[in-house]
Amino acid sequence: SHRHGYYAPRKFETQRNYDGSDELPTMPAIADAPHEHELLGWQLQPGDCVLFSGKTLHGAVGNASERRSRRVLTTRWMGDDARFAPRR
């Protein structure tokens with residue numbers, strides 16, 4: 001959750017932190033101790049969607065289907081006062 005501060009962003013392919021994020025703590029291994037965290041989930045049907053703050057720690061289990069792919073659309077909504085800060 002956003003209440004715990006920020007964690008270093010990780011790359012999906014390698015599960016390594018992005019370069020330049022050394023000053024941020026590494027995300028906890030939630031899957032190793034799920035009972036220590038408040039985990040939420042929803043049963044979704046085709047066409048449903050979930051919206052949440054980008055500051056919310058989130059993820060999903062992998063798609064185990066060999067015949068169906070999971071499609072995802074990600075958008076980011078910001079106010080007109082937002083500023084761009086490129087990654088190093």
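The structure is a predicted model.

**Overall form**

The protein chain contains zero helices and zero strands. Its radius of gyration is 16 Å, whereas a compact globule of 88 residues would have a value near 12 Å. Along the principal axes, the C-alpha atoms occupy a box of roughly 40 × 35 × 25 Å. Among contacts with a separation of 6 or more, 27% join residues 24 or more positions apart.

**Surface and charge**

Of the 88 residues in the protein chain, 3% are buried. The accessible surface amounts to about 9200 Å², and carbon and sulfur atoms contribute 52% of that area. The charged side chains comprise 13 positive and 11 negative ones, and the centres of these two sets are 5 Å apart.

The following table collects chain-level values.

| Property of the protein chain | Value |
|---|---|
| Radius of gyration | 16 Å |
| Accessible surface | about 9200 Å² |
| Distance between the centres of positive and negative side chains | 5 Å |

**The setting of Ser-21**

Is Ser-21 buried or exposed? Ser-21 has a relative accessible area of 5% and is therefore buried, the cut-off being under 20%. When neighbours within four places in sequence are set aside, Ser-21 is in contact with Ala-8 and Pro-9.

Methods:
Residues are numbered from 1 along each chain as its sequence is written. This is a predicted model: local features need pLDDT of at least 70, side-chain atom pairs count only at pLDDT 80 or more; totals for chains, interfaces and linings use all residues. Side-chain values use heavy atoms; hydrogens and water are left out. Helices (H or I, at least four residues) and strands (E, at least two) are DSSP runs, numbered from the N terminus. The radius of gyration is taken over C-alpha atoms; the globule rule is 2.2 Å times the number of residues to the power 0.38. Buried means under 20% relative accessible area, exposed over 50%, partly exposed in between (1.4 Å probe, protein chains only). Contact means heavy atoms within 4.5 Å. Accessible areas come from the Shrake-Rupley method with a 1.4 Å probe; for residues, only the protein chains shown count as cover. Lys and Arg count as positive and Asp and Glu as negative; His and the chain ends are not counted. The place of a charge is taken as NZ of Lys, CZ of Arg, CG of Asp or CD of Glu.
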